[in-house]
Amino acid sequence: AKYRFVSMDATGGDHPHEEKELLAQIEDLRKKIAELRELSYYNDKEQPLDTHLGEKKTIPGNLQKRRHLKGHYGKISAMQWGSEETYNLVSASQDGKLIVWDAYFLTKVHVIPLRSTWVMTCAFSPTQRFAASGGLDNLCTVYPIPETQGEYSKRTPRAELSGHDGYLSSCHFLNDNKMLTSSGDQTCILWDVEQKTRTTTFTGHSLDVMCIAHTEANGTFVSGSCDRKAILWDSRSKDPKVQTFAGHSGDVNSVDFFPTGRAFATASEDSTCRLYDIRAAKQIQKYGDIEDTKNASPVTSIAFSRTGSHLFAGYGSARCSMWDTKTAKISQDIQDHEDRISTLGINKRGDALCTGGWDMELRIYSS
């Protein structure tokens, strides 16, 4: 159907010239929308953040390897730091073990045997009273952490959260009683751990959801998927899907919020990371070049520094890059792992970086 825009004056006459102007404006807007939907827009060398920088200066990084955690006998799938008061972290491996480490003293605090060796993710509760894991068993299993250090935990799991129809790709504690999970069934679920029930199911992706990240200040979180998109959600809303962000030409493997919570970054199989501003609803920076075939390698995991000045990215080529968030230049490259880096994270204090890989080892860096 064709719609005719008509403007009436006080005498009731119409103005055809105004109709032509409105139609021209609509056509101009259609062209602009089409341009924004083109992937070429997201891959421009000049990104929106670049135009506000003026003179670009990238400060070199000075990270040094401080600790080397050995103890797993299979590929490390995931790791997560604990609370700000300690240097504890939890890691999951395909050796079927969930290990809680004291990264400062290089000790295993607890070892938890898993029912399935096909583990893909793990999480540490804010109080460090619980740890969780999941993978190809389609379950998110929550384990209590023994109070006595060094105890080999064989306790019954606190909860087995069953509801996904696909593998569990990521899990995060919001608090000791709330958990967020993502799955290969294209959904994310918010759980009540005590009641072992789902609170909300989030649907919107068209392919496997690979990663999630949440903000501590409110009920928003972001998810990344094999459909090459990231979605911002608000769990407090009746219509939780807030915004969809495109730009990648490969699966989105990892997401992380900027410390302010007003922006987030994504990492993809297309060898790039991208920074999106939530208020502007657009991409404002890109890290890496999809046309650089020489250094092409999937980005597996990312994390912002505490101040947000740097973005750390782990690659399938076993490289860890420290990107300057503003200039999109590499401040430091670290090549210590012998195989693919599968996970990394910055501790709550912001003074330590941990990387884990398929070489079955965890490494701790600080300046």
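1. Before the rings come up, one definition: two rings of Phe, Tyr or Trp (its six-membered ring) count as a pair if their centres lie within 6.5 Å. On that basis the structure holds eleven aromatic pairs. Keep in mind that this is a predicted model.

2. Take Phe 202 and Trp 233 as one of those pairs. Their ring centres are 5.6 Å apart and the planes meet at 65 degrees, so this is an edge-to-face pair; the cut-off for that label is over 60 degrees. The two residues come from distant parts of the chain, with Phe 202 in strand 13 (residues 197-203) and Trp 233 in strand 16 (residues 230-234), 31 residues apart. Are they buried or exposed? Phe 202 is buried, at a relative accessible area of 1%, and Trp 233 is buried as well, with a relative accessible area of 1%.

3. There's also a cluster to look at: Phe 245, Phe 257, Phe 264 and Tyr 276 are linked by ring pairs.

4. Next, charges over rings. Arg 158 lies over the face of Phe 130, 4.2 Å from the ring centre. Arg 319 has its charged end over the ring of Tyr 315, at 3.9 Å from the centre.

5. Phe 130 turns up again around Ser 125. That serine is in the loop between strand 6 (119-124) and strand 7 (130-135). Despite the loop position, Ser 125 counts as buried, with 1% relative accessibility. What does Ser 125 touch, leaving out residues up to four places away in sequence? The contacts are Phe 130, Phe 173 and Asp 176. A polar atom of the Ser 125 side chain also lies 3.2 Å from the backbone nitrogen of Arg 129.

6. On to strand 3 (residues 88-93), which is mostly covered, with six of its six residues buried. That goes for both faces: Asn 88, Val 90 and Ala 92 are buried on one side, and Leu 89, Ser 91 and Ser 93 are buried on the other.

7. Which strands pair with strand 3? One partner is strand 2 (residues 76-81), antiparallel over five bridges. Here Ala 78 has Ala 92 of strand 3 as its bridge partner, and a hairpin of six residues joins strand 2 to strand 3. Strand 4 (residues 97-102) is the other partner, again antiparallel over five bridges. Val 90 is bridged to Val 100 in strand 4.

8. Four strands form an open, antiparallel sheet in the order 1-28-27-26. Why is one side of strand 1 (64-70) and of strand 26 (341-346) left without a neighbour in the sheet? Both stand at the edges, and each has a single partner strand. From one strand to the next, the twist averages 20 degrees. Within the sheet, strand 27 (residues 353-357) and strand 28 (residues 361-366) run antiparallel and are joined by four bridges. Cys 354 stands opposite Ile 364 in strand 28.

Notes
Residues are numbered from 1 along each chain as its sequence is written. This is a predicted model: local features need pLDDT of at least 70, side-chain atom pairs count only at pLDDT 80 or more; totals for chains, interfaces and linings use all residues. Side-chain values use heavy atoms; hydrogens and water are left out. Buried means under 20% relative accessible area, exposed over 50%, partly exposed in between (1.4 Å probe, protein chains only). Two strands pair if DSSP finds at least two bridges between them. Axes are lines fitted to C-alpha atoms, for helices over the stretch in contact, and angles run from 0 to 180 degrees between N-to-C directions. Rings of Phe, Tyr and Trp (its six-membered ring) pair if their centres lie within 6.5 Å; planes under 30 degrees apart count as stacked, over 60 as edge-to-face and the rest as tilted. A charge sits over a ring if NZ of Lys or CZ of Arg is within 6 Å of the ring centre and within 35 degrees of the ring normal. A polar contact is a pair of N or O atoms within 3.5 Å; within protein, one must be able to donate a hydrogen and the other to accept it, and residues adjacent in sequence count only if both atoms are side-chain atoms. Contact means heavy atoms within 4.5 Å.
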